[in-house]
Protein chains: 4
Amino acid sequence: MGNFKGHALPGTFFFILGIWWTTKCILKYAFKKHKRTSYLDSKVLFHRVEILEGIIIAGMALTGMLGEQFIPGGPHLTLYDYKEGQWVQLLGWHHFTMYFFFGLLGVTNILCSTIRSLPASFTKLMLANALFVEGFVFYNHTHGREMLDIFVHKLLVLVIFLTGLIAFLELFILTNITVELLRISFFLLQGSWFWQIGFVLYPPSGGPAWDLVDHDNVMFLTICFCWHYAIAIIIIGAIYAFVTWKSFA
Amino acid sequence: MGNFKGHALPGTFFFILGIWWTTKCILKYAFKKHKRTSYLDSKVLFHRVEILEGIIIAGMALTGMLGEQFIPGGPHLTLYDYKEGQWVQLLGWHHFTMYFFFGLLGVTNILCSTIRSLPASFTKLMLANALFVEGFVFYNHTHGREMLDIFVHKLLVLVIFLTGLIAFLELFILTNITVELLRISFFLLQGSWFWQIGFVLYPPSGGPAWDLVDHDNVMFLTICFCWHYAIAIIIIGAIYAFVTWKSFA
Amino acid sequence: MGNFKGHALPGTFFFILGIWWTTKCILKYAFKKHKRTSYLDSKVLFHRVEILEGIIIAGMALTGMLGEQFIPGGPHLTLYDYKEGQWVQLLGWHHFTMYFFFGLLGVTNILCSTIRSLPASFTKLMLANALFVEGFVFYNHTHGREMLDIFVHKLLVLVIFLTGLIAFLELFILTNITVELLRISFFLLQGSWFWQIGFVLYPPSGGPAWDLVDHDNVMFLTICFCWHYAIAIIIIGAIYAFVTWKSFA
Amino acid sequence: MGNFKGHALPGTFFFILGIWWTTKCILKYAFKKHKRTSYLDSKVLFHRVEILEGIIIAGMALTGMLGEQFIPGGPHLTLYDYKEGQWVQLLGWHHFTMYFFFGLLGVTNILCSTIRSLPASFTKLMLANALFVEGFVFYNHTHGREMLDIFVHKLLVLVIFLTGLIAFLELFILTNITVELLRISFFLLQGSWFWQIGFVLYPPSGGPAWDLVDHDNVMFLTICFCWHYAIAIIIIGAIYAFVTWKSFA
């Protein structure tokens, strides 16, 4: 992952997932509020969509896991090099672990959508787990790096942890559209922040690299993080307006 | 904002907002409890008041944003000075960002009051967001300053974070007057604490400046913070007594 | 407060308050469960008891406030010594502030018990406020002291904060006897821990003083804190058994 | 406890307890969902099982307490050595304290199962208490040790604290199977992590000891912790599948 692409890819995935969840969440709310029977039975539709969602998440996670292991120079499933007496590519294994938990989320999503007796909240539980594991791994990920590198990853951990916290709280209390959209807005933020990290640490333009020990950059990235969030909110607002307009036009 | 006025203005705004919300909250409670129909239909009244509130908040935020940008010596919407190779007036942009999120709160307030299909809790969500962003920015705001300067801003972050936390919890659980008044008391505290920061860092009397590295000042400001809160509670109590007495006299 | 008595007095007060609340809480639970009409109408009884409780708390707080100010060598309501150019007895003012908030709790308790239109949860709110203020002041109370001194006060802050947290959560969610007893058990712990602090910092026996920089003492006080809590639990259990046995014998 | 066995024993106990609770929890859910009357009246069965559970937990705790005190070289109930002027075996007393609180949990479990008037949530309360005490003691347990030793114990504290937090939240809000399984999964994690600590600090194979100051080991144990959790989740999933299949075959 130590390059621009390695940050842009998960960023894009989280962003698209966020956009998709926003649409689904608002559609569900609109259908529920107006009790309108669309030409497709919405329940069956949403059910199939859940399965598809699970398959895509599991598939993406599997791709990520295989990619981390078998890229040229990857660990190729070796964990410990007995010759050298040291661990092999631990950062790669870190990413592998995070993908694995998102894979579990995907599998749970599929199982909960196909087997009726399973409580639906298992999916939410696995989502919280996947996010907490992601946050936990990233928290222990940046040992010995430069200040700015640590700072951008800390903000990443912050947004991941907040997303997980909301998913966790949703286990206890009946969810509503506001809380759900809040959680999704953090997903969008995570996605676009991955891009930002890519731009800061591995500028793709070939332009001048960021000074990793200049505290002014920390001051700027603080507000940049907020602007990313503002954009996430505006995107959700736009989707809300569009979906509501389209489905009741 | 690096002067007395720059702290007194937002302080006054938050304080007046807090006073206003206290009155509204207690009036609502009194009307609800006694099911009394006043000469004005209270529902319609409160509805119009909400819109007015949104307009005022959005207006104040816009004023703040423009002020930060176009005061003499402000950044004038320039973010990066390519000649000097450095960021332009990041602290001004910090304030700009905070105002922007309060602007979003104002806009949401207006939209939720005019469009029926929008969930009312969106306003609460944007309030929590605006407060968390404010706290987050202030938390990263005081790099390299003196001990006392950092301490008074830390207390500011504390009260902002607590206010945001309560607004956040209100998303999950049905709100009641006690929780609402608690949240508002923190608003009053924030408002008067802004004044206190102004007095500590930029004494308007021209009297002797505070010693920024004397730990005794930290010890005093600790209890001073509590006294501000005591005053906030007493003010709310007085408004409660006055409103209840007036509306049932 | 810088002596054994100064810690034993509030400790005794909190402990007795805890014992009293335990009895009241269990009696209420027993009456409610068995719907038994005792020879005294329990509702009226509990109501009067609440007022009495408020008067005692307010009285104790007032005594504490006056004591802190007018003991020989106390600040006598002077806050700043303009001659010396320094604050007068800030630690005394710290204690004064804490007592003041418990005074507010007492006053609220009286008001909520006498005025019907006031929500009963105001008392809970003022309790949470008094505890958070107490924790906040103690947190900033021990600057520049020895390790063990700081450690015992940190544990005090921990238990105060936990008590406040539970009182705060009770604002949001319907309380039950388990949660209430948990909160009260922390009150007992706070009371007995005040005694422990007195014994550690100002041994009344005149025996050898504790070594304030020996880490073994920290290790011991860690488990000592847990033993205090175990005793609090056992006391509550004993009261539970006694009250249940007495009221249904 | 300063050897492999001392970590393997509690680990095994927590793990078996976790497996047992998983089975019980899923069986209860299955019985409730399908309202099936098995050949044994399930309510009476579960009731007796609760008592048995309490006896086993209390017995194990008592064994642990006696073991800590009377092993060769143990403190034999001596707390302070007046000759040497120092505490006797504080780490042993630390373990003793933790066992004591689990003993209280066992006793409460028995009492709540046999005495009807006791609220059932007392057991949950004592579970939270036992876990918070365990976490609190472990947090203050590793003073002056090597980096890796502290790190593995920090992760232990993390999982213990999370388990306690969930048990605490269950006091406030009606529990459901998802939350319960989450709590149990943390128990399994705690159990297997005890084993991992044993392997890291006291390798039973006699193989090369782990380098306690190598940061790569921290990086590995970070993901190792997640893998333990993944295994806990997979075990719960397998038990879920097996129990559901068996009870409806």
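This note goes through a predicted model, from the arrangement of its chains down to single residues.

1. **Chain B on chain A.** Chain B superposes on chain A by a rotation of 90°. The shift along the axis is 0.0 Å, and the RMSD is 0.0 Å. In chain B, Ile173(B) has the C-alpha nearest the axis, 5.7 Å from it. The copies use different surfaces: 3% of the contact residues of chain B recur in chain A.

2. **Chain C on chain B.** Which surfaces do the copies meet through? They meet through different ones, because only 3% of the interface residues of chain C are also interface residues in chain B.

3. **Pairs without contact.** Chain A does not touch chain C. The nearest C-alpha atoms of chains A and C are 11 Å apart. Chains B and D likewise have no contact between them. Their closest C-alpha atoms lie 11 Å apart.

4. **Fold of chain A.** Chain A has seven helices and two strands. Along the sequence they follow the pattern α-α-β-β-α-α-α-α-α. The radius of gyration of chain A is 20 Å, close to the 18 Å that the globule rule gives for 249 residues, so chain A is as compact as a globular protein of that length. Along the principal axes, its C-alpha atoms fill a box of roughly 65 × 45 × 35 Å.

5. **Burial, contacts and surface of chain A.** Of the 249 residues, 54% count as buried. Take the contacts in chain A between residues at least 6 apart in sequence: 74% of them join residues at least 24 apart.

6. **Charge in chain A.** There are 16 positive and 14 negative charges. How far apart are their mean positions? The separation is 19 Å.

7. Asn129(C) sits in helix H4 of chain C, residues 121-139. Is Asn129(C) buried or exposed? Its relative accessibility is 6%, under the 20% cut-off, so Asn129(C) counts as buried. Leaving aside residues up to four places away in sequence, Asn129(C) touches Leu182(B), Tyr229(B) and Ile233(B).

8. **Ile160(D), a buried helix residue.** Ile160(D) belongs to helix H5 of chain D, residues 147-172. Its relative accessible area is 0%, so Ile160(D) is buried. Not counting residues up to four places away in sequence, Ile160(D) touches Leu131(D), Glu134(D), Gly135(D), Phe138(D) and Gln190(D). One of these partners, Leu131(D), is 29 residues from Ile160(D) in sequence. Their C-alpha atoms are 6.0 Å apart in space.

9. **Gly74(D), in the loop between H2 and S1.** Gly74(D) is found in the loop between H2 and S1 of chain D. Gly74(D) is buried, with a relative accessible area of 13%. Residues up to four places away in sequence aside, Gly74(D) touches Glu68(D), Gln69(D) and Gln89(D). Thr114(D) is 40 residues from Gly74(D) in sequence and 36 Å from it in space, C-alpha to C-alpha.

10. **His76(D), a positive phi.** His76(D) lies in the loop between helix H2 (42-70) and strand S1 (80-81) of chain D. Its phi is near 50°, a positive value in a residue other than glycine. With a relative accessible area of 43%, His76(D) is partly exposed.

11. **Leu77(A), another backbone to check by eye.** Phi of Leu77(A) is positive, near 65°, and the residue is not a glycine. Where is Leu77(A) found? It is in the loop between helix H2 (42-70) and strand S1 (80-81) of chain A. Leu77(A) has a relative accessible area of 52%, over the 50% cut-off, so Leu77(A) is exposed.

How values were computed: Residues are numbered from 1 along each chain as its sequence is written. Chains are lettered from A and ligands numbered from 1 in the order in which they are written. This is a predicted model: local features need pLDDT of at least 70, side-chain atom pairs count only at pLDDT 80 or more; totals for chains, interfaces and linings use all residues. Side-chain values use heavy atoms; hydrogens and water are left out. Contact means heavy atoms within 4.5 Å. Helices (H or I, at least four residues) and strands (E, at least two) are DSSP runs, numbered from the N terminus. The radius of gyration is taken over C-alpha atoms; the globule rule is 2.2 Å times the number of residues to the power 0.38. Buried means under 20% relative accessible area, exposed over 50%, partly exposed in between (1.4 Å probe, protein chains only). Lys and Arg count as positive and Asp and Glu as negative; His and the chain ends are not counted. The place of a charge is taken as NZ of Lys, CZ of Arg, CG of Asp or CD of Glu. Copies are superposed by least squares on the C-alpha atoms of residues with pLDDT of at least 70 in both.
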